[in-house]
Amino acid sequence: MTISLLYVDAGKGHYVPAKAMSDVLIARGYDAPVEDLFIALDARFWHWFCKAEWRFFLKHPVLERIIHGVSDNRISNVILRFLAKTKSIRTGFLAWYNGRKPNVILSTNFLGGVIIGELAAYYKLDVKVYVYAADAFNNPVAGFHPNVDKMFIPSFVGEENLERQGYSQDQIIRSPFPLQQSIEKMERVSKREARSLLDLEDRFTILYNLGGEGIGSDRLIKRLVKEEVDYQIVVVGKTDEHTKEHFLAITKDSNLRVHVPGFVTNIGMYMLASDIQAGKAGANALMESIALRRPFLLSQVLYAARDTTRFFKRNGVGWVESSPKKQVELIKTYAQSEEVRAEMDSHFDKLPLIFSAEAFVDLLLRNANQSR
């Protein structure tokens, strides 16, 4: 069986779950290639556009929420379905499909759902079209397609949102969250052990995540400097020398202990070393943090992550706060109160979530085999 996993190069949030699924499938003997949707379709302009647009909006989050909020509607859905059937897209798709001959196509981006769903219906192909909602709590209305066989989403909040969009109960499957294997299979050591392994001090630690694109704000760290707290800050994510120098400069002569390892391959160990994680987060960083029982302080809510607020209010495993002053108040309360930390930790035991790429693949294969 060939299961083709398609993502879109608009941040790492769509690639990481596709790679996590592929790693498990390949280990079990399946053909499970991971490919960029628009490279597969030989649509180079759209590949460039999606990446460039996403990076632009990361630098302008307020504009992102407005533009994506306004454009996420049925009109955009109709336009996408029309574009999917243009000659160049159809030609690229047929060349890819006839070369791969997949039994299942699973997209980790909504664009794959609407485009592949439209083309599979147009050509009446004998292939299962699945979508994994990588944002965890929602999937854009613009990506709706009735020909999608299954919509996998890892949260009750997301399941409720998909039902409102018009997906049937037969289409929606609440799934595990597919953790990358480096985290799923890692040894869970104590904070003290993790800090020792990473050469960090044993003090209250904030993991500050700039994300896979390395685009984030420094306002929280500047506020921590102003408050004269003595925490340890570890800045991770894609960084260059200018970014590293900037964070070191703004914390110079402060009580903070600052480390800027940048992009790391052992992010799970850094999460275990931290007390909380903060910053701009895609679903992967957020859910990985929760899987390792570390609350997340989300400082920048993008349109796709808008339902994170409802999830946090319902489950109490993190905060959404844009004001640096209030962010620091939340952090100080958490750092100073053992009772608050214990209560937060107890909430992780009650989460209605499963974190496992292995379990996700079990579910995927059951559905693929049942429908053959």
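Buried denotes a relative accessible area under 20%, exposed denotes over 50%, and partly exposed lies in between (1.4 Å probe, protein chains only). The structure described here is a predicted model, in which local features need pLDDT of at least 70, side-chain atom pairs count only at pLDDT 80 or more, and totals for chains, interfaces and linings use all residues. Residues are numbered from 1 along each chain as its sequence is written, and side-chain values use heavy atoms, with hydrogens and water left out.

**Nonpolar cores**

A nonpolar core is a set of buried Ala, Val, Leu, Ile, Met, Phe, Trp, Tyr and Cys residues joined through side-chain atoms within 4.5 Å. The largest one has 85 residues, and Ile206, Tyr208, Leu224, Tyr231, Ile233 and Phe311 touch the most other members. Helix α18 (residues 357-370) supplies the largest share of this core, 7 residues; helices (H or I, at least four residues) and strands (E, at least two) are DSSP runs numbered from the N terminus. A second, separate core of 37 residues includes Leu37, Ala84, Ile105 and Val148.

Contact means heavy atoms within 4.5 Å. Leaving aside residues up to four places away in sequence, the contacts of Tyr208 include Leu220, Ile221, Ile233 and Phe247.

**Helix α11**

Leu220, Ile221 and Leu224 are buried in helix α11 (residues 219-227). They lie on the same side of α11, because they cover an arc of only 95° around the axis, the arc being that of the directions from the helix axis to the C-beta atoms. The buried residues of α11 pack against β7 (205-209), β8 (232-236), α12 (241-250), β10 (276-280) and α16 (324-336). Just after α11, Glu228 takes a positive phi of about 60°.

**Aromatic rings**

Rings of Phe, Tyr and Trp (its six-membered ring) pair if their centres lie within 6.5 Å; planes under 30 degrees apart count as stacked, over 60 as edge-to-face and the rest as tilted. The count by this rule is 20 aromatic pairs. Phe93 and Trp96 form a tilted pair, 6.1 Å centre to centre with 40° between the planes. About one helical turn separates these two residues, because they are 3 residues apart in helix α6 (residues 87-100). Phe93 is buried at 0% relative accessibility, and Trp96 is buried at 8%. Elsewhere, Phe45, Trp46, Trp48 and Phe49 form one aromatic cluster.

A charge sits over a ring if NZ of Lys or CZ of Arg is within 6 Å of the ring centre and within 35 degrees of the ring normal. Two such arrangements are tabulated.

| Charged residue | Ring | Distance from ring centre |
|---|---|---|
| Arg74 | Phe144 | 4.7 Å |
| Arg306 | Tyr303 | 3.8 Å |
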